[in-house]
Amino acid sequence: MKVLSIPTRPNATPAGRSRHRSRVDIAITATVVLAVLVAVVVGLSTHRFATVANAKAIITSASLVGIAALGLTLITIGGSAVSLAISPTVAAVGMIFLATQSLGLGPALLIAVMCGMLVTGVQGAVVGYAGANPVVLTIAASFAITGTAIGISGGSTVSPTDAGYDSLNATPGGVALSVYVLIALALIVEWSLRRTSFGRRLYLVGENRPAARAAGLPVGLTTTVAWLGAGTLFAVTAVFTAAFNTSANVNLGGTLTFDAIAAVLAGGTSVAGGRGSALRTLAGAVLIAAVSDILLLRGYSTGVQIMVKGLIVLFVVVIVHLRSKEGRA
Amino acid sequence: MQQGVNPAAPFARPGEELVRAEGLTKSFGSTRAVRRASFSIARGEIHALCGHNGAGKSTVVKMLSGQETPDSGAIRIGGEVLDLRSRQVAQGNGIALVDQELSVVPSLTVAENLMLGDVRTRWITRRRAAGKRFRTLLDSVGLGHVDLDRPLSDLSIGERQLIEIARALGQDARLVILDEPTATLSDVESDYVYAAVRTVVTTGCAILFVSHRLGEVLDLCDNVTVMRDGEVVATTPVADLTIDSLIVQMLGELPHRPDKRTKDDTGDGAEALAVSGLSVPGRVDDFGIVLRAGQVCAVAGQLGSGASDVLRAIAGLVPSATAGITVDGVAVGPGRPRAAIRAGIAFVSNDRKSEGLFLDKPTSWNLLATRLPHVTRLGVVNRRVWSATLARLVELCGLEAARADHAVRSLSGGNQQKVFVGRGLGRDDVRVLLLDDPTRGVDIGGRAAIHALLRAAADRGVAVLFTSTDLEELLDLADVVVTMHKGVAVQRHEGTTAGAVLVREMTHGAAS
Amino acid sequence: MRRPEVLLPTTALTITVIAFALIPTYTDSTVAPFDVYNTFQIFARLGLLTLALGLTMIAGEFDLSVVGTYALGGMLTVQVGPEHALYGLLAAVAAGAAIGLLQGGLIAGLRLPSMPVTLATYIALLGLTSALSGGLTKTYSNVSVTLWVDQTVLTYFSPRSLITLGFFVLAAAVLSFTRWGYELRAIGGDRRASRVAGVRVDRLIVGTFVVSGVLSALGGSLLSFSLGSANPDPGVQPLIVAAAAALLGGVSLAGGRGSAPGLLGGILAVAMLAEIVTVTAVPGYVTQLFFASLLGVIVVVDAPDLHRALVRQRTRLTHPQSHPQLEPGRHEAT
Amino acid sequence: ACGDDSSGDQAATSGSGGLKGKTIDFVGYGKDNPWGAYFNSVFIKKLESQGAKVVDLTTMDPGTAVTNFNQAISNKPDLIVAALLDTSSTVVPIKKAKQAKIPVLVFDGRPDPSVDGDVMQVLSDNEALGIAAAQNLVEGLKGQGKDSGNIIVITGTKSGYASQDRMKAFDAELAKTPGLKVVDNQDGNWDPTLSGKIATQLFAKYGCSGIQGAFGMADYMALPIVAAAKQAGCEVGGKTGVIVTASNCFKVGIDAIKAGTLYGTATEDPGTIAEQTADYVIRYFNGENPPKKELVKEDRVTAQNVAQFEEQCSKA
Ligand SMILES: Nc1ncnc2c1ncn2[C@@H]1O[C@H](COP(=O)(O)OP(=O)(O)OP(=O)(O)O)[C@@H](O)[C@H]1O
Ligand SMILES: Nc1ncnc2c1ncn2[C@@H]1O[C@H](COP(=O)(O)OP(=O)(O)OP(=O)(O)O)[C@@H](O)[C@H]1O
Ligand SMILES: O[C@@H]1[C@@H](O)[C@H](O)OC[C@H]1O
Ligand SMILES: [Mg+2]
Ligand SMILES: [Mg+2]
């Protein structure tokens, strides 16, 4: 077999180029380190920031967005960019969850998850098998979901007839249940992405769809499964959100669509697909929550918090882009 | 800079020098695409640039047209050294271009495409006035029948190419560069281009003509500059050239042939692939072939000859293809890549960047992408099986084991191609290996390694079918060569065939 | 064969005009000139946003930040210009241009994808607007301006809808009589080819984003004048409706396709639909379902893999003997 | 300025023909708001049962409300009934309606003083509601032995007088107990989800020890405050926990008062005012010339008197 190998050459990258590369690289790394340092210093010097209670507050506020963002991560890695139908899906599933409380918590949860999977999975199938543009498709889906939800509910708020949902508001060990669920789900998603053939296929399909097709990978199926997973995670967000608010209407999802996208992007995942991880999304969600928290504690308004969230996303997007360009120069 | 460069031969047609390339050098990473290339073109001259694939022709073109900046060397136009920073600057200096890759916009109309990027277009466009000029322009390339307001997407690929040529010719440029302008054109269409080019040079402008069609080069051009492996070999007046002498200039000394098998070694296998009546509307007409297990067969044809389409259709990637295909006697429905793969057909595209490799993923992922079912248990990756399979493949492909975890993007082109080919190797379920131009952009060493891989696959009983435009490769590797020209098979050759015959058939079709 | 950029808006507009004209026959409501006026008012509310988004889509980009700029423009107008409406307007336009310059510069200069960049800007702008207003809806005390922009002109129009129409006319003129028009479609259709052909791609991208910023900010200004107030968070509905209008107007998400008259047709169809819904008191959710089906059809018809499957199916049907018995002797090339 | 001025005459006279054949354009709160949903159902049903045609132009978005108001004017109905989410942006539409001689009835929060004389009004006693909320907090904290502490407030849409009047009265009443201080006051836009979000932030910002009392302007806004407090690990009610009050009543609120998590609320249930507004419309069309302005009587509700209001408050 040795005959087949060609003589290996020394890695002969021209000196000029490597010097140039490392200079840009150093600049990027320095910027990132500086940003982290500033954040740490500002954080530590902020009254009440470095306390256990506050840490709980941060992770709690990251939990609901975080779970939805995990779902979006699957969609993004699979090359479908983003879903713009997250908020309506969460609202509709939340309404269904509260409306079915009389059946008991278990059945209500099951129905909610099934609905989330169905609604999102159908979109995934259209994207996966027909190659439809996910952005337009999810815009259409958001109209369809909201329209249907209003049509059925008459536009009014759903209030539960049984209080079974309240166990989702539990705080075992003084930490909200949704936080445990977030961590568990992040680990499960991360494991599936890294260790299963579904995960590998998803990265491959997401990075290069024509290549995946030519290599005979099941493009349609893989995409659909990813969206089904996303639907499940949206449903989990929905039940927690509905339980927390004790009532649900078509506005339940609020700004969740954009919050989830922000978390995914802040985690350094590119919308081009083929890259990203659940843990990085988790980090993105926590990063945004932590910075918002610092600003909150320092007395900045909600507006400033939102603005800084946008700037963080912009910063990460630019840095990640520059880095990956460097890496492949 | 100048030493070691062949002094330009005297021109066939005397004229004032217009363009001079002086020691142009360009590297991409550690690929030295062009080294100290020098030549000059006179006013009124049609100057050909020839060379094998990857010789550096297009890179020279890119430097002359402002798309790439030379690492060193200079470009003089009308005696003045110019810094061609961008396409606009080059155009401002009177350099028009037809790129090797079709560069028109299908969603625009014919007229809009003709105006596109023209530095003379004013902010307010006056269509009426331009209309007359465009009509004349279209007439000159034989598109008199085409409506100026039709979107280009209504036109055939050949017609689109003619539009791009018309655009360049209509820019009143001092130098018009045509990089393989006729590769996708029929004879009739090409004739219009030749006529138009001849007309344009009478106004004193110069043409740089890149082509693999040696016949047209000899008919049309005044001087030929031949490049080989990034360097200029010679510039010769056409009067002093024949097709055969030009081929020798391009190929240089043929390297020593590796163990090319005799005809007896093959042909005893069972029929592995049978294709009949393969047609792709507008591209391939009624192609058929039978291959035995262990045979290596080349479909040889120039760009646009339909050779690639034949392979893609067999791989199920052309939805409009019709064909009867059987693998080991079992019929495979066309148009469905997964069915083809299930039947044992593995395909290696000629476009490894967009249709082949997952560039940002590690070598290991790329090699195992088509084998996930074999390395997983109940959907979970079995790390032991994964590493064992990987180790076997890395060894088989002659890759560095240590780099299996590096992104494929960081490998050299040759090694990338080995990874790509390696995906279809060492698998019992692969019966037919299809490779579309497997050594495009790969150097001599990498090419030999890939050839060895293909041979080894054939020895294990796989039927190998590949396309190539490269004579050397055809002669080295193939047991059977089917030449193609304009969508139809010209001739099937088994055993030794003279290279010149193949080149002739690929560039001229069947002898008449 | 009609092309989608003509076919889509004409169909959409025809259907809605017919539905509009038929209102009296299928309901007991009547159509008054005011309904036409009101249609144009709805048009004025979303028109500039649609134009801004549509132009970036034609160039093959997608400017999600338009709603952020729209909100900021409205807020600046209210806060800067209570006395002199013009100052407010200028502040909004300047902010829109600056935002466009920044985004266009990043996107063209670093070759960044526009979606994540404009999304980040969108979030940041909403935050900025909310910070400027303390999160509150701010009122505009200059009632005379409010009355002026919405007064009836020529029965069917108001200064506001006429200004908006004016921008569509201007855009149509610029796009059809200057090289900007086809160059914009060129860079959206095939950016590489455009670069090779010598189009100044980067400048054009920056310019498009500046125009998009200015138009969105102006749209926000006009809305604030009309409402006499500015809302720091208009929500995502305007963006989604504007995107739907642009798609109906024959613009494609892939870029390279679309025209100003098409965009006008798209947004007029949407406005008329909204007016029909109000006049006939059709429940709002029906409109949403209608939009959903419309977009659903557009996106599915456009889906490449579906095309592939259809071509394959058609090939099968027209060549029924797709797996024929191999006739010996015919396989091999001569 | 819009529409045909001359035809407005007979519309302006209420006549005495009852509601039969009358058209009422209803620019009320949207159904997505729990209060609006119940108000609308009662109000519309009652008028339709009398033979009137009600055109539903309700919304919870202040901008859309203005458009809808203008639409209503163009429809030339016999009456426009409106709730004013944003007081100032409805000044111009009210003036336009007057020009078009279309009568307007405003309910819940009062209109801008500049157009006060141009409309009929059935108002919640928002000042009483604000006072009740403040009294609930003072009383609740006193019960815990506190006469000082930090209060957070999440209001309804701040651009409307329903919120502003409640807040003014609340502040004035609270000022009587100098130890109590409003440390944060945020616009919750009559939106339960938004209120929960804001509350979560505020508990993170001040910590459990930094908040002694909370005022969510509606029951459906106060309950997310309770949920947020619990999520943040803060005690609610009882001997030391946060005292939470609302200022309108729903079944969920009554349940919470009984459970002890909500200290108190005030009446202003949507049913009562809906009945009274519908009644006003009927009287108007019957030519009974009802007074230009009517106020709904409001009461304070706590655990002590919850039984008395349970029936009135449990319909929505
Ligand atoms: N952008 C690039 N990055 C890296 N390598 C490149 C790039 N462009 C060209 N090359 C390499 O430079 C060499 C010369 O390529 P070039 O395109 O000039 O060849 P050519 O003579 O035009 O070949 P062909 O006849 O196939 O068109 C090849 O090895 C090619 O792989
Ligand atoms: N980005 C990179 N990071 C690490 N190693 C690299 C990178 N790019 C190239 N190399 C290594 O440098 C060496 C030269 O690579 P290069 O692509 O320039 O080779 P090449 O001359 O084009 O070879 P080939 O003819 O096979 O294409 C190879 O060993 C390659 O693996
Ligand atoms: O609950 C709210 C009520 O208290 C207020 O008066 O008007 C709007 C309602 O949503
Ligand atoms: Mg070339
Ligand atoms: Mg190479």
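Guide: Side chains of opposite charge can pair when their charged atoms come close. In this predicted model, C:Asp150 forms a salt bridge (a side-chain nitrogen of Lys or Arg within 4 Å of a carboxyl oxygen of Asp or Glu) with C:Arg160, the closest N and O atoms lying 3.0 Å apart. The pair links distant parts of chain C: C:Asp150 belongs to helix H6 (residues 143-150) and C:Arg160 to helix H7 (residues 159-177), 10 residues apart. Helices here are DSSP runs of H or I with at least four residues, strands are runs of E with at least two, and both are numbered from the N terminus.

Visitor: Are C:Asp150 and C:Arg160 buried or exposed, and what do these words mean?

Guide: Buried means under 20% relative accessible area, exposed over 50%, and partly exposed in between, with a 1.4 Å probe and protein chains only. C:Asp150 is buried at 4%, and C:Arg160 is buried at 4%.

Visitor: On what basis are residues named and values computed?

Guide: Residues are numbered from 1 along each chain as its sequence is written, while chains are lettered from A and ligands numbered from 1 in the order in which they are written. As the model is predicted, local features need pLDDT of at least 70, side-chain atom pairs count only at pLDDT 80 or more, and totals for chains, interfaces and linings use all residues, while side-chain values use heavy atoms, leaving out hydrogens and water.

Visitor: Which residue forms a salt bridge with D:Asp165?

Guide: The partner is D:Arg110, with the closest N and O atoms 2.7 Å apart. D:Asp165 lies in helix H6 (residues 161-174) of chain D, and D:Arg110 in the loop between strand E4 (104-108) and strand E5 (120-124), 55 residues apart. D:Asp165 is buried at 8%, whereas D:Arg110 is partly exposed at 25%. Salt bridges that share partners also join A:Arg209, A:Arg213, C:Asp305 and C:Arg308 into one network.

Visitor: Which chains share the most contacts?

Guide: A contact means heavy atoms within 4.5 Å. Of the five pairs of chains in contact, B and C share the most contacts. No contact joins chains B and D, whose closest C-alpha atoms lie 37 Å apart.

Visitor: How many disulfides are there over all chains?

Guide: A disulfide is a covalent bond between the sulfur atoms of two cysteines. With the criterion of cysteine sulfur atoms within 2.5 Å, the count is two over all chains. One joins D:Cys208 to D:Cys234, S to S 2.0 Å. Its S-S torsion is about -80°, so this disulfide is left-handed. D:Cys208 lies in the loop between helix H7 (192-206) and strand E8 (213-216) and D:Cys234 in the loop between helix H8 (219-231) and strand E9 (243-245), so the bond ties together parts of chain D 26 residues apart in sequence. D:Cys208 is partly exposed at 34%, whereas D:Cys234 is buried at 6%.

Visitor: What is the torsion about the S-S bond of D:Cys249 and D:Cys313?

Guide: The torsion is about -75°, so this disulfide is left-handed. The sulfur atoms of D:Cys249 and D:Cys313 are 1.9 Å apart, and both residues are buried.
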